[in-house]
Amino acid sequence: MKKSNVVQPYDLESINIKNWVTKSNILIESTYKLSLQEQRILLIMASKVQPNDETLKTYRFRAKDFIEIVGNKKGTGFYSYLKEIVNGLQTKILTIKEKGRQRNYNWVITSIYEENEGYITLQFHPSLKYLFLELKEKFTSYQLENVVRLNSVYSIRIYELLKQYERLRKRELTLEELRHFLAIEPTKYKQYGHFKSKVLAVAQKEINNKTDIRFEFVEIKTGRKVTSIEFIITSSSTLNGVSSVKEKEPELNQPPSGLTDNEKENRLQYDLVSLGVKPEKIEWVLSEFTKEQVERNIKYTQERLIIGDIAHPQSYVIKAIQKDYAKLSQESKINKPKKPIRKELVPDFIKNAKDKQQIFENSTSQEKQKLFFENNGTQKDFEEILIQIQELKKKLLLNSKEPTKEEVEKAQELVVQEVLSNMKKDLKKRQEVGLEPRLVNDFENEELKKIYKSFLQSQTSSEV
């Protein structure tokens, strides 16, 4: 039989499970229903997309390699099954809800199974380009090996949803949201007990044993009914079923283990490109600074990008590397000095005053606010302190290898009480100098907004 010449322009590629998958968070939070093997095939495709690609290319690989990686037994039955999957991929739909609009896309425009040679040829639909390429913010990256051997479609999706929030250590989703993301039909797992055993428990076991993160979950109830799930996320050294004796937080300047120098440099280049840094800048950065300094400041930039502190990551990351913001941030957390009053911002009548109370009495509201910030830090400084307090929860949980529901709830309670205590002290300071309380909308962190709103309401009710 004459060989097909349709796919000749595309080089045969091996499948490398160490490759990185990078997706827009829009894609991670989209709705789609795929079988386990369909998800695996599309993830392998995604791992071949490079951040400097201008288009979504066509990829060709051996069916045999795919079967070996996912751990299926070789046999004519599975090859026939794989052929059906590949040929049917063009009919699979991805639903994206964005800016009040719902769009439906086909995942691929090319899906060919060459039966004689046993090759698979695929290409993502060009409309999906913005979900894989030129990503400068709101994206998530992980290595293919973390997901390609998971045996549940729900485990793969939950891994991505939690990996997206790994640096924030926590994610809360209503059951409705979770079922929506996982594309679970309304008639399936209607009882929470079934959902818990068939979805959450299976995903927890797989993710904790086979990936680079671990999670515990807390059931949040409305009355007696479970309505939301709070996921507590920790980074893990466990991968492919091999776990370390003791989980340990990586030190700031400790490079990732198990990678060669070339692999580390390739990963740094990938991260910098993903943040929008130009090639000439990348070359300069990697030649001028140590890999450890570059790496920790990339992570520092990515973390601040997640919480919305950065508008231009491509320029911020360069400054961060030059000035080593990550190291300075860690040192300031260990021993944060009091901020000195910047004399150039303080009016002359304040500099000459002897009594601080007199200063505030003779100041306008704007001047009071400015001086308050000089003595106590800005809104952003205050919010950062409260976010650091929230890290206490993680430390409390790490004291127990397998924290119980009661331990998780206790940790949450302690954190909230500590945050409330700081909010109370802050309010007292502001009242002493004649300032109004902070506004709820002053806070960027959604969880802090909720806590502060509840705090203000409690203050109002106690005054009545």
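Helices, as the word is used here, are DSSP runs of H or I with at least four residues, numbered from the N terminus. One of them, α18, is followed by Gly-434, whose phi is positive, near 80°. The model in which these elements are described is a predicted one.

The protein chain as a whole holds 19 helices and ten strands. It has 464 residues, of which 45% count as buried. Among the contacts in the chain with a separation of 6 or more, 68% are accounted for by residues 24 or more positions apart.

A number of residues in α18 are buried, including Val-408, Ala-411, Val-415, Val-416 and Val-419. The buried residues of this helix also include Asn-422, Asp-426 and Arg-430.

The next element to consider is a sheet. Three strands form an open sheet in the order β2-β6-β5, and their pairing is antiparallel. At the edges stand β2 (58-62) and β5 (108-114); each has a single partner strand, so one side of each is left without a neighbour in the sheet. From one strand to the next, the twist averages 15°. Strand β6 (residues 119-124) is joined to β2 by five bridges, and the two run antiparallel. Within this pairing, Arg-60 stands opposite Thr-121 in β6. Helix α2 (residues 36-48) packs on the sheet and touches β2, β5 and β6, with a direction that makes about 70° with that of β6. Helix α3 (residues 63-70) also packs on the sheet, touching β2, β5 and β6; its direction makes about 70° with that of β2.

A further open sheet is built from three strands in the order β8-β10-β9, again with antiparallel pairing. Its edge strands are β8 (170-174) and β9 (213-222), each of which pairs on one side only. Here the twist averages 20° from one strand to the next. Five bridges join β8 to strand β10 (residues 225-235), and these strands run antiparallel. The bridge partner of Thr-174 in β10 is Ser-228. Helix α6 (residues 153-163) lies across β8, β9 and β10 and runs at about 90° to β9. Helix α8 packs on the sheet as well, touching β9 and β10, and its direction makes about 160° with that of β9.

Aromatic side chains come next. A search of the whole structure finds eleven aromatic pairs. One of them is formed by Tyr-192 and Phe-195, which are tilted, with 6.5 Å from centre to centre and 35° between the planes. Both residues lie in helix α8 (residues 192-210), three residues apart, about one turn of the helix. Tyr-192 and Phe-195 are both buried. Phe-443 and Tyr-452 form another tilted pair, with centres 4.8 Å apart and 45° between the planes. Phe-443 has a relative accessible area of 1% and is therefore buried, while Tyr-452 counts as buried at 2% relative accessibility. Phe-215, Phe-217 and Phe-231 form one aromatic cluster. An aromatic ring also takes part in an arrangement with a lysine: Lys-281 lies over the face of Trp-284, at 5.7 Å from the ring centre.

Ala-183 has a phi near 55°, a positive value in a residue other than glycine. This residue lies in the loop between α7 (175-181) and α8. With a relative accessible area of 15%, Ala-183 is buried, because the cut-off for buried is under 20%. Asp-324 likewise has a positive phi, near 55°, in a residue other than glycine. Asp-324 is found in the loop between α12 (313-323) and α13 (325-334), and its relative accessible area of 9% makes it buried.

Helix α13 also contains Ser-329. At 15% relative accessibility, Ser-329 counts as buried. The C-alpha atom of Ser-329 is separated by 9.0 Å from that of Tyr-300, although the two residues are 29 residues apart along the chain.

Technical notes: Residues are numbered from 1 along each chain as its sequence is written. Side-chain values use heavy atoms; hydrogens and water are left out. Buried means under 20% relative accessible area, exposed over 50%, partly exposed in between (1.4 Å probe, protein chains only). Rings of Phe, Tyr and Trp (its six-membered ring) pair if their centres lie within 6.5 Å; planes under 30 degrees apart count as stacked, over 60 as edge-to-face and the rest as tilted. A charge sits over a ring if NZ of Lys or CZ of Arg is within 6 Å of the ring centre and within 35 degrees of the ring normal. Two strands pair if DSSP finds at least two bridges between them. Axes are lines fitted to C-alpha atoms, for helices over the stretch in contact, and angles run from 0 to 180 degrees between N-to-C directions. Contact means heavy atoms within 4.5 Å.
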